[in-house]
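Reader: Please show me the model, and then I will ask about it.

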Amino acid sequence: MAASAFERAVARMSADPDVAPGAVAPEHGLLSPEMMGALRRQALAEVVEPCRRALLG
């Protein structure tokens, strides 16, 4: 059950998010969908996945 919950959450968070047009301003921390998606995938790989492995084996 926990493993499938992780899989669903990772799949959902791996996609580039929808961002309203005009709501991108990197100088103010408002990242493009591509950049935000890339950062999410990096965090999932470097933080979440090792935690998942430690918890679930």
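Reader: What is the accessible surface of the protein chain, and what share of it belongs to carbon and sulfur atoms?

Author: This is a predicted model, in which local features need pLDDT of at least 70, side-chain atom pairs count only at pLDDT 80 or more, and totals for chains, interfaces and linings use all residues. Residues are numbered from 1 along each chain as its sequence is written, and side-chain values use heavy atoms, with hydrogens and water left out. Accessible areas come from the Shrake-Rupley method with a 1.4 Å probe, and for residues only the protein chains shown count as cover. The surface of the protein chain comes to about 4300 Å², and the share of carbon and sulfur atoms is 64%.

Reader: How many helices and strands does the protein chain have?

Author: Both are DSSP runs numbered from the N terminus: helices are H or I with at least four residues, strands are E with at least two. By that count the protein chain has zero strands and two helices.

Reader: Why is the protein chain described as more spread out than a compact globule?

Author: The radius of gyration is taken over C-alpha atoms, and the globule rule is 2.2 Å times the number of residues to the power 0.38. For 57 residues the rule gives 10 Å, and the protein chain is well over that, so it is more spread out than a compact globule, with a radius of gyration of 14 Å.

Reader: What box do the C-alpha atoms fill?

Author: The box is taken along the principal axes. Its dimensions are roughly 40 × 20 × 10 Å.

Reader: What percentage of the residues count as buried?

Author: Buried means under 20% relative accessible area, exposed over 50%, and partly exposed in between (1.4 Å probe, protein chains only). Of the 57 residues of the protein chain, the buried part is 9%.

Reader: Is L55 buried or exposed?

Author: L55 lies in helix α2 (residues 33–56). Its C-alpha is 9.5 Å from that of A3, 52 residues apart in sequence. At 64% relative accessibility, L55 counts as exposed.

Reader: What is the phi of G57?

Author: G57 is in the segment after α2 and counts as exposed, at 75% relative accessibility. The phi of G57 is positive, near 80 degrees.

Reader: What distance separates the C-alpha atoms of G22 and S4?

Author: G22 sits in the loop between α1 and α2 and is exposed, with a relative accessible area of 78%. G22 and S4 are 18 residues apart along the chain, and their C-alpha atoms are separated by 36 Å.
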